[in-house]
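Open the structure in your viewer and keep the selection tool at hand. The tour starts with the whole chain and ends at a single side chain.

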Amino acid sequence: MDTKKIEEHVLGILEAIGEDPNREGLRETPARVARMLEEVLEGTAYSNHEIAEMFGKTFTEESIKDSENAVVIKDITVFSYCEHHLALMYDMHVNVAYVPHGRVLGLSKIARICDMAAKRLQLQERLGRDIAEIISEAAGTTDVGVMIRGCHSCMTARGIKNVSANTVTATYIGAFRDNAELKQLVKFD
Ligand SMILES: [Zn+2]
């Protein structure tokens, strides 16, 4: 990430909104914003395939390979930024389920995959697809369900200012597509 360039442009934004970038509170702001963006958009540097390789440590469990043994993890919290307004998406909860095909992913790896995929300029719908695609590759399974619930500050803090608006999106691949019981696994309570 070109942090020097971010600093220059943030300085320009401060000037453009009529601020004095030299006042004490703002003097270090361009550098702070650059460091923050480098951290919160870390996932931009990696493709889904690279994230799958990064967190794709699996354990062989030959006995676990049918829908009775789906792995479910609920309420993974992530933050992301909407690509339309560069606005924070917060209070985001991700439910993930997959049917192992003889291999299981470390549970903490699933949370890390969600976190890294969220650290990009995103759309909530695409985040769900990204997570499903990465889990599918990392766990070597075709069957993944992802449901995300989140608040978008471009909707809650501006525009229609609907403070309590939640957006829920679902992504189903493989066996999840037409299996109501599997879909049920990723539903929010
Ligand atoms: Zn937005």
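Lys and Arg count as positive and Asp and Glu as negative, while His and the chain ends are not counted. The place of a charge is taken as NZ of Lys, CZ of Arg, CG of Asp or CD of Glu. Select these atoms: the mean positions of the 22 positive and 29 negative charges of the chain are 2 Å apart.

This is a predicted model, in which local features need pLDDT of at least 70 and side-chain atom pairs pLDDT 80 or more, whereas totals for chains, interfaces and linings use all residues. Residues are numbered from 1 along each chain as its sequence is written, and side-chain values use heavy atoms, with hydrogens and water left out.

Now show the whole chain. Its C-alpha atoms fill a box of roughly 65 × 35 × 20 Å along the principal axes. Of its 189 residues, 42% count as buried (under 20% relative accessible area, 1.4 Å probe, protein chains only).

Next, select Asp143, in the loop between α6 (124-139) and β6 (144-152). Helices (H or I, at least four residues) and strands (E, at least two) are DSSP runs, numbered from the N terminus.

Which side chain of opposite charge is nearest to Asp143? It is Arg177, 8.8 Å away; Asp143 is buried yet has no salt bridge (a side-chain nitrogen of Lys or Arg within 4 Å of a carboxyl oxygen of Asp or Glu).

The Asp143 side chain reaches the backbone nitrogen of Ala175 at 2.8 Å.

How values were computed:
Buried means under 20% relative accessible area, exposed over 50%, partly exposed in between (1.4 Å probe, protein chains only). A polar contact is a pair of N or O atoms within 3.5 Å; within protein, one must be able to donate a hydrogen and the other to accept it, and residues adjacent in sequence count only if both atoms are side-chain atoms.
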